[in-house]
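Visitor: Hi, could you walk me through this one? I'd like to go through the folds and then the side chains.

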Amino acid sequence: MDRVRGLVHELVASQEATVASLRRRAERTRDQLFLAYGMLVLVALAIGGYGVVLVRRELRALEDASRALAHAERKAREGQQWFRMIAEGASDLVRVHDRDGHIEYASPSAARLLGYAPDELVSRDAMTFVHEDDRAALVTALRDALARDDAPPLLHRMLRKDGSVRWFETRIQPARDESGAIERLHTVSRDVTERVELEASRSRETSQLVELMHRDELTGLYNRRGFHEHAGALLARGRAEDRPVLFVFCDVNGLKVINDELGHEAGDDVIRDAGALLRACARDTDVVARLGGDELVVAAMVRDEDAAGAFDRRLRELVRAHNAREERPFRVSLSVGSALWRARDGKDLEAMVQEADAAMYAQKRARRSAVTTSGEAIVRTRPKA
């Protein structure tokens with residue numbers, strides 16, 4: 001099949017231009033032959049016997065040139081017929097276009113690849129069959145392809161007659177006249193839909209794998225690795241836009257009490273609940289993560305320092321509503337600390353997490369571990385002995 005495609009490219013690029021050129025040359029030679037014959041006859045009549053010899057010699061030379069051109073024209077025409085035979089047997093879509101992009105010839109494979117009979121494509125603008133989202137890019141790529149002889153294939157989508165979309169890889173070869181001007185465009189398009197879909201599937205699988213590597217299995221939040229990557233990007237954006245970034249560090253209160261009295265499954269439940277509440281308090285653009293154990297953190301781009309107090313109030317209201325609604329054997333309680341990053345301070349990600357962590361521990365030391373900030377017991381009911 002590679003040899004077939006090579007022959008198609010080679011023949012497509014040369015045969016039609018060659019035939020047209022040879023025809024023009026043959027017509028000029030025949031005209032010159034008749035004109036020369038007449039002139040030489042006149043010369044022969046004027047100068048006698050030597051003129052006859054001269055006429056015969058020149059006539060033989062012109063006849064030889066004419067026969068050579070006729071032979072070349074016949075071979076070129078045979079090559080063109082051979083190209084058509086290859087095109088009609090090829091599995092790829094072979095087309096010939098005029099300089100304006102209208103289709104002059106389409107191979108029979110058009111019926112299988114696009115659902116159109118070849119005659120339905122003739123005289124139509126080739127861009128009609130290109131997906132509208134790819135047309136602008138294809139025009140740009142087409143200009144580049146026409147400027148070089150070794151242009152890479154163009155990847156684009158085409159519309160089938162039934163409205164479905166297929167991916168094609170198209171090679172373009174211009175046919176030029178003797179002055180180098182483009183007379184026609186020859187294209188060979190291969191259906192690569194399966195390859196494109198396979199590559200897209202592999203890319204999605206890779207993205208999903210990377211995402212899983214960045215996620216905490218218990219809460220579904222980012223893990224430490226995911227937090228460092230995404231919060232780092234948030235700091236870079238804050239630096240570029242000169243905007244502050246708020247860091248909120250949270251610790252689940254009373255986790256040891258819950259584990260000791262209700263079991264580790266209940267301990268996992270309270271961490272999941274805390275993560276869900278933190279996620280509900282944050283925006284979609286914020287980075288919410290579990291760093292490990294009962295430590296949770298949020299990074300959020302904000303307008304000013306008032307955002308810290310607003311976040312704290314919103315989170316405590318969500319926790320209060322959750323504890324009033326859920327019939328868990330425990331209450332969710334969080335110690336919260338925050339720190340505001342500004343580009344001019346020159347602090348890195350680790351320094352900001354440590355600063356927010358220190359603020360959280362200052363609050364945690366000010367209260368008993370077995371009760372919420374409002375003084376309620378974290379463990380609602382203890383299991384019977």
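Guide: Here is a chat about the sheets, helices and side-chain pairs of this model.

Guide: A word on the source: this is a predicted model, where local features need pLDDT of at least 70, side-chain atom pairs count only at pLDDT 80 or more, and totals for chains, interfaces and linings use all residues. Residues are numbered from 1 along each chain as its sequence is written, and side-chain values use heavy atoms, with hydrogens and water left out.

Visitor: Fine. How many helices and strands does the protein chain have?

Guide: The protein chain has 11 helices and 9 strands. Both are DSSP runs numbered from the N terminus: helices are H or I with at least four residues, strands E with at least two.

Visitor: And how much of the chain is buried?

Guide: Of its 385 residues, 39% count as buried. Buried means under 20% relative accessible area, exposed is over 50%, and partly exposed is in between, with a 1.4 Å probe and protein chains only.

Visitor: Sheets next. In what order do the strands of the 5-stranded one come?

Guide: The order is β2-β1-β5-β4-β3, in an open sheet with antiparallel pairing. Two strands pair if DSSP finds at least two bridges between them. The edge strands, β2 (103-106) and β3 (154-159), each pair on one side only. Neighbouring strands here are turned by 35 degrees against each other on average, direction ignored. For angles, axes are lines fitted to C-alpha atoms, for helices over the stretch in contact, and values run from 0 to 180 degrees between N-to-C directions.

Visitor: How many bridges hold β4 and β5?

Guide: β4 (residues 165-176) and β5 (residues 182-191) pair over 9 bridges, antiparallel. Pro174 stands opposite Leu185 in β5.

Visitor: Which strands does α6 lie across?

Guide: Helix α6 (residues 193-213) lies across β3, β4 and β5, and runs at about 125 degrees to β4. Contact here means heavy atoms within 4.5 Å.

Visitor: OK, and the 4-stranded sheet: what is its order?

Guide: That open sheet goes β7-β8-β6-β9, with antiparallel pairing. β7 and β9 stand at the edges with a single partner strand each, so one side of each is left without a neighbour in the sheet. The twist averages 20 degrees from one strand to the next.

Visitor: What about β6 and β8, how many bridges?

Guide: β6 (residues 245-252) and β8 pair over 7 bridges, in the antiparallel sense. α10 lies across β6, β8 and β9, at about 160 degrees to β9.

Visitor: Switching to charges. How many salt bridges are there?

Guide: A search of the whole structure finds 22. The cut-off is a side-chain nitrogen of Lys or Arg within 4 Å of a carboxyl oxygen of Asp or Glu. One of them joins Arg157 and Asp134, with the closest N and O atoms 2.8 Å apart. That pair links Arg157 in strand β3 to Asp134 in the loop between α4 (118-121) and α5 (135-146), 23 residues apart.

Visitor: Are those two buried or exposed?

Guide: Both Arg157 and Asp134 are buried. By contrast, Asp260 and Lys256 are exposed; they also form a salt bridge, with N and O 2.8 Å apart. Those two lie in helix α8 (residues 255-262), 4 residues apart, about one turn.

Visitor: Which residues form a network?

Guide: Asp269, Arg272, Asp273 and Arg328 are linked in a network of salt bridges. Asp273 and Arg328 meet at 3.1 Å, N to O.

Visitor: Why is Asp273 classed as buried?

Guide: Because its relative accessible area is 10%. Arg328 is partly exposed, at 28%.
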